[in-house]
Amino acid sequence: LQQIKWKKINIEKLIKRYESNNDLRTDRKTPFKQGNYYIATDAHSMIYTECDKIELECEERLKPNALHIIESELHDPIKVDINLIGSFINDKHKEMNEIIEELKTCKDCMGSGEVEWEYENYTKDDECPVCEGRRESMQEVETDKIVVDHSTTYEVFDSKFSYTLLERLVNSCRMIGEPCYKIRGIERQSFHFKCGDFTIVLMPIMSDADYQISNI
């Protein structure tokens with residue numbers, strides 16, 4: 001029983017890596033069932049597996065339509081050196097000052113809690129829509145701590161991927177604990193990686209590469 005619980009917790013953590021944090025796209029904030037698959041996606045990456053492979057409680061949805069990606073034409077498996085990718089992005093990446101959110105005096109109303117609304121020639125002081133009259137709002141603040149710039153871009157598999165997506169692929173494969181194989185990879189289209197019972201999909205980006213990963 002303990003072993004089954006441990007496995008379920010890891011599956012939930014794995015799936016969560018692919019959930020969207022966009023409050024405007026609620027259909028992507030949680031995993032869902034579509035066809036014979038359990039799916040989680042944030043539109044930039046996706047993970048899916050057949051329903052008979054794991055136990056996962058989630059609702060069935062028609063949107064977003066993920067089946068057209070799942071049913072894409074695949075090629076013969078090509079083994080991917082996940083540890084090489086992991087070591088490379090760990091050693092080679094841009095850095096930036098950490099940005100956190102802090103509650104500070106609202107910049108929009110200058111801490112008054114009110115702003116001036118204007119309609120044609122009429123004006124009216126009313127509650128600030130940003131801080132909702134509380135005079136403080138959450139704002140991004142740069143700290144002195146140096147962290148990885150997740151926008152760092154790498155050229156690999158003849159396409160470009162961000163640090164965020166490659167790290168997600170590496171950590172997911174390590175969590176699953178099985179070899180990784182590229183089973184689809186077309187420039188400007190989705191790349192599919194098979195690892196155990198899961199398939200991970202990454203979308204390449206149109207950008208200049210900061211680094212090139214070779215010998216994969």
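## Charge and patches

Lys and Arg count as positive here, and Asp and Glu as negative; His and the chain ends are not counted. A patch is built from residues with over 30% relative accessible area and no salt bridge, with like charges joined within 9 Å and nonpolar side chains (Val, Leu, Ile, Met, Phe, Trp, Tyr) within 5 Å. The place of a charge is NZ of Lys, CZ of Arg, CG of Asp or CD of Glu.

This is a predicted model: local features need pLDDT of at least 70, side-chain atom pairs count only at pLDDT 80 or more, and totals for chains, interfaces and linings use all residues. Residues are numbered from 1 along each chain as its sequence is written, and side-chain values use heavy atoms, with hydrogens and water left out.

## A hairpin with a negative patch

Strands E6 (residues 114–119) and E7 (residues 122–127) run antiparallel and are joined by six bridges. Strands (E, at least two residues) and helices (H or I, at least four) are DSSP runs, numbered from the N terminus. Two strands pair if DSSP finds at least two bridges between them. E6 and E7 form a hairpin, with two residues between them. In the turn, Glu120 has a positive phi of about 55°.

Glu114, Glu116, Glu118, Asp125, Asp126 and Glu127 form a negative surface patch. E6 and E7 each supply at least two of the patch residues. Glu116 belongs to strand E6, and its bridge partner in E7 is Asp125. Is Glu116 buried or exposed? Glu116 is exposed, at 57% relative accessible area. The cut-offs are under 20% for buried and over 50% for exposed, with partly exposed in between (1.4 Å probe, protein chains only).

## Salt bridges

How many salt bridges does the structure hold? It holds five. Each is a side-chain nitrogen of Lys or Arg within 4 Å of a carboxyl oxygen of Asp or Glu. One of them joins the side chains of Asp42 and Arg168 (2.9 Å, N to O). Asp42 sits in the loop between strand E2 (37–41) and strand E3 (45–50), and Arg168 in helix H4 (residues 163–176), so the pair ties together parts that are 126 residues apart in sequence. Asp42 is buried, at 14% relative accessible area. Arg168 is buried too, at 15%.

Another salt bridge links Lys94 and Asp210 (3.7 Å, N to O). Lys94 lies in the loop between helix H3 (82–91) and strand E5 (95–105), and Asp210 in the loop between strand E13 (198–202) and strand E14 (211–212), so this pair ties together parts 116 residues apart in sequence. Lys94 is partly exposed, at 33%. Asp210 is partly exposed, at 36%. Arg61 and Glu59 also meet in a salt bridge (2.6 Å, N to O). Arg61 is buried, at 12%, while Glu59 is partly exposed, at 48%.

## An open sheet

Three strands form an open sheet with mixed pairing, in the order E10-E9-E14. Strand E10 (159–162) and E14 stand at the edges with a single partner strand each, so one side of each has no neighbour in the sheet. Strand E9 (residues 153–156) and E14 run parallel, joined by two bridges. Glu155 stands opposite Gln212 in E14.

Gln139 lies in strand E8 (residues 136–148). Gln139 counts as buried, at 11% relative accessibility.

Conventions. Areas by Shrake-Rupley, 256 points an atom, 1.4 Å probe, with all protein chains shown as cover.
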